[in-house]
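Colleague: Please take a close look at one part of this model for me. I would like the packing at its centre, and then whatever connects to it.

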Amino acid sequence: MSFPKPPGTGTPPMPSRRLFVQGVAAGGVVAGLAATGLSPRAFAAAGPGLAGAPQVLSSHDVQLSIGESLANFTGRTRPAITVNGSLPAPILRWREGQTVNIRVANTLQGHPTSIHWHGLLLPANMDGVPGLSFNGIAPGEAYQYRFTLKQSGTYWYHSHSLFQEQAGLYGALIIDPLEPAPYHVDREHVILLSDWTDMDPGALFRRMKKLAEYDNYYKRTLPDFLRDVRKDGWAAATADRGMWGRMRMTPTDISDINAHTYTYLLNGTAPAGNWTGLFRSGEKVLLRFINGGSMTYFDVRIPGLKMTVVAADGQYIHPVSIDEFRIAPAETFDVIVEPSGQDAYTIFCQDMGRTGYAAGTLAVRHGLQAPIPARDPRPLLTMSDMGHDMGHASNGMAGHDMKGMEGGCGASMGHGAHGTDPKAPRHPASEQGNPLVDMQSMATEPKLDDPGIGLRDNGRNVLTYGAMRSLFDDPDGRDPGREVELHLTGHMEKFSWSFDGIPFASAEPLRLNYGERMRIVLVNDTMMQHPIHLHGVWSDLENADGEFHLRKHTIDMPPGTRRTYRVRADALGRWAYHCHLLYHMEAGMMREVRIEE
Amino acid sequence: MSRSPFIATSALSTALLLALSAPAWAQSHAGHASHATTPTPTDAPPADDGNVDHSQMDHSKMGHGSVDHAQMDHSTMDHGTTDHGEMDHSKMDHAAMGHGVPKAPAPTEPLEPIPVVTAADRLAAFPPIDHGAMEHAPEIHSMLLVNRLEHWDGQHGTGQAWEASGWVGGNIHRLWLRSEGERSDGRTGSADLEVMYGRSVSPWWDVLVGVKQDFRPADSRTWAAFGIQGLAPYKFETSATAYVGESGQFAATVEVEYELLLTNRLILQPLVEARFSAKDEPEYGNGSGLNKVEAGLRLRYEFSRRFAPYIGISHERLFGDTADYHEAAGERARDTRWVAGVRVWF
């Protein structure tokens, strides 16, 4: 297996060793261990629009059985957690306004389980978070979910019990609208992206706690340093290394877990399996992208096709035409493409760290494949990315190099408010002197128009939050009555993650008053990117002027950003609020939000 | 499966349809509640953040009185020469001026009414939850790093050496185990084990308190140990420990390690370790002051993160009385050794 060299000079050699990017062709669930009474391999084609996708269940009365199955995506047969024997779980397809009954049975040996309906507005006891919504589903037992669908769009569902989501418990959830959609399409495909590991996910978590940099085989080396000295001079190269050295960090820390551990899947299929969605030339095809990855940001493009994004997190937006988008874990984007002139197009989904990819094909018939593009050069984090770009204008976010910024930051970071700089965040007292906070931002901005790390100036038109705008006005209309600011914090080396330096285990709930309209301000004080998901209610992202901009259920927070969103507390109960990087959540980046009368 | 809305038989192009239907549809989506409750934009007071405390303004220092209008010479102002005709308003960017149309104040009542809570809602919102219903990832973790497990070949003999450290605990509180030792010509020359409680006091530093037990050269010599360890700026792995022995001896060890990446798997590890004693102890072969410095350079290849064989060179030198005592015992004060070993962790 070999990969073409990525474009651009000065790129470190691409990974070749130990990287099983493509997976196996005939991967998937190979056997059901639990007696589900269903076909162990439920990958039957389900109608013309959804060939090759998992089974579609569209009854309002659904039986789901969670069990252990054997799966093989890499050449090794490993245990997976599946729904009705299927990975991904069956596609649930309902209609807005319907009341659905879902009986979820747990056939796992000795492990409780749960299903959370990501992004759905429902009573708290139907939300599926053990310990907040209900007691979980004990082995051998079942839970009856019942709720009325108050919305439409592309969503997904997954386990909210420990690491079961990583083991395969995730599926697409589509709700057809009562009113016709504001667009016309001829067919559609669900594109569910995810990350698979042969490791036991719990063992992977323990590995992260021992050596969080385990997968970072891209650290800058002595030869890289000598190359930079030749290119930029001794002073600049040493200043650059000095800055990172004082912070004890590395600019190649793009993702905690990458293709050294993961095989990336598209609809439960490794790249070698070439998942194929069919089209007829000239048709308008709706692609419902869902990122069900536990720890992976995907950068998605379909070479040769423009994509028109028409919905984000299930909610319609003003259509925006783009070449590429970054999708954070738990986000969904609906895009329309009009393939014609080619028989096959590659859906190319490289991970943000450029270590691997998920891929599939849109084709006029099965068996076709278009070229798979080279992965882009691996990006390096800049001081601007880190929120340390003090006093630099950042219009356009061209990715400032920190070269020449000797001494501006580093060992002296961490003293809260910086006088007059309007971008300087005020850090909560709980961060000060906190051994679990290894970094604080010194200059943050919403960066809504920034395509993000590794996507700037790549010659393609990349989707941003700024470019997406809800198709409707603020449904609530009120100005936020108050503001709660929370900082995303962590310690890379300890693999400890938190809000305001306080991990979930020792954090008090964030209390909202029923009916209030309030604003959440998030400041990212880490060098990682975090998708933040609030259960139960919408997160209405504000634009840079503090106005209603984009309704979402998951707000992506790149490093160095401060983003604000409005919350209408119209759902009584106890709700989970967390980073949707699964291992960050389990390492403490979670809070309970309690909406009370 | 119901997909009928998507196969609408409209002949319009998507673009046209989007253009035509977007506003109407947006209204239908967002406004279904607002048909019932018209917004009342008038009664929203301007937001007062309450931060401006006028009582503390000292008007006397503002110096309004110092403006001497009498000295203004309006006659020299030539109002007539301003040619308004030359102003080209067409190039003004009104949008950029920010004064656009004043926005209607936001309503104080939600456009979409907040549902009235029923008893059933309350029951559904706060169901009884068993303690421990939420499973948590383990908070106690552990790691054992055998940093050096090697054979050495010196100018004056051969032998084996090890250095290992391990921890068990959470993010802040950990139990540390450290052990170091050396065998020479089939005999264990030194061996110790430290058991310490460590607490993170800052993102990069832990303080440690515990005991060290020497097994060699002297049997059962016990020390109280106090130390710090962590990652110094520029990523120097550093530890410094002070030891107080039963006999009132005071000793200290400082160790600094670095990792220089030749590639991401081929790693050069320089290391310096120095040992000091406060009291002269001929019976243990220790003089006062600097006893020993060891400097090593090890080149490892990480076949995996957990398993890396290495080769290297290590130089050690005894100083002062310590050197004299050892030379008197027939040993050498300096040695340069080739080493080969493995670095593993679990």
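Modeller: Start with the largest nonpolar core, which has 158 residues. A nonpolar core is a set of buried Ala, Val, Leu, Ile, Met, Phe, Trp, Tyr and Cys residues joined through C-beta atoms within 7 Å. Buried means 20 or more other C-beta atoms within 10 Å of the residue's own, placed from the backbone. L266(A), V309(A), I317(A), V335(A), C349(A) and A358(A) have the most contacts inside this core.

This is a predicted model: local features need pLDDT of at least 70, side-chain atom pairs count only at pLDDT 80 or more, and totals for chains, interfaces and linings use all residues. Residues are numbered from 1 along each chain as its sequence is written, with chains lettered from A and ligands numbered from 1 in the order written.

Now take I317(A). Leaving aside neighbours within four places in sequence, I317(A) is in contact with residues including V309(A), M468(A), L471(A) and L550(A). Contact means C-beta atoms, placed from the backbone, within 7 Å. Another core, of seven residues, lies apart from the largest one. W176(B) and W223(B) are among its residues.

Next, the contact between the chains. Chain A gives 77 residues and chain B gives 62. Helix 1 of chain A gives the most to the side of chain A that touches chain B, with four residues. Helices (H or I, at least four residues) and strands (E, at least two) are DSSP runs, numbered from the N terminus. Buried residues of helix 1 of chain A include L204(A), F205(A) and M208(A). The buried residues of this helix pack against strand 11 and helix 4 of chain A, together with strand 1 of chain B.

Terms used: Two residues are in contact if their C-beta atoms, placed from the backbone, lie within 7 Å. A residue is buried if 20 or more other C-beta atoms lie within 10 Å of its own, exposed if 12 or fewer, and partly exposed in between; C-beta atoms are placed from the backbone.
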